[in-house]
Amino acid sequence: MNTRYATSKIMLTCASVLAFTGIATWVGINGPFGSSANAQVQSQQQSPVTQRVRIRDDDGQAYTITIPRNSPVARSRGS
Amino acid sequence: LDPHFFWYLTRAAGIVTFALLTFSTALGISISARLGHGLLEKPWVYELHKFAALLALGFLSIHIVVLLPDPWTSFHLIDLFVPGSAAYRPIATAVGVLAMYGALVGTFSFYIKKWIGYRAWRWLHYTTFGTFMLALLHGTLAGTDSSQAWVELMYASAGLLVLSLSLYRFMPEPRPRSARPQLRRLFPDPALAQQSVSPPGTNEPRHPALSA
């Protein structure tokens, strides 16, 4: 009976850890915000010091981000 | 290190926590509904039901703790314990915090049963139905991956499984007409009949697996 207790618990733990690592890897590669995820710029507003950009991620969620115009991010995108 | 590393971990941990919570809840209802023709009434199955709930708490801890170093959502310690204080999807995270408290109550109720008594434990353990609903709502509303087809399928099948098992569990049990006269013939004294199904002096079923 003790063997059955231990076996069932070990199997459940192993399955959970495998699922955890598998899902973490999958969302890291394919999921929203994963390394191959995409976002599209919807609109941009500029002021003398900042740039407000509205983007939509590939999970359908929209975000507005404000970037200082002299920041490395803004410069790297040629703004 | 990928800047979203902790975000990936919390999402994976959340999905595994929900799967384990579903497994534990479904197993608990199946045991108490006496499904499986006696197979689920074995002590090791009941132990597995308890262990799955504990394991769910372990992954829940990962789900919560890795939010703190995540630079994108900016969670503070208070956001993890006070419903509604998080700036990130406040309603959905508040539901998640309530589900966390429900999971704690449901799981630790196993270990205080001998002090609070069977009847109080049973009522306390019924909170797991609410906990499951809150976890499902939290996953649907807050989950970044909720729009993925396989995650939608998981939530739908988990919800349907627990709902159908609950309906079966609480459905009035059909009893054969002849059962009562037979019992009366075997045990003319009602007290003796009670003792045949319960340990002496209690109303508790003989096996703890049958008591939910």
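The model is predicted, with local features needing pLDDT of at least 70 and side-chain atom pairs 80 or more, while totals for chains, interfaces and linings use all residues. Residues are numbered from 1 along each chain, chains are lettered from A, and side-chain values use heavy atoms, without hydrogens and water.

The count of salt bridges between the chains is 1. A:Lys9 and B:Glu47 form this bridge at 3.6 Å, N to O (Lys or Arg side-chain nitrogen within 4 Å of an Asp or Glu carboxyl oxygen). On chain B, α1 (5-32) and α2 (43-65) each supply at least two residues of the side touching chain A (helices are DSSP runs of H or I, at least four residues). α1(B) gives the most, 10 residues.

Chain B and chain A bury about 2200 Å² between them, 75% of it on carbon and sulfur atoms (accessible area lost on being put together, 1.4 Å probe, summed over both). B:Tyr8, B:Trp44 and B:Phe51 supply 24% of the area that chain B buries against chain A, more than any other three residues. In total, 26 residues of chain B contact 24 of chain A (heavy atoms within 4.5 Å).

Definitions and conventions. Buried area is the accessible area (1.4 Å probe) that two parts lose on being put together, summed over both.
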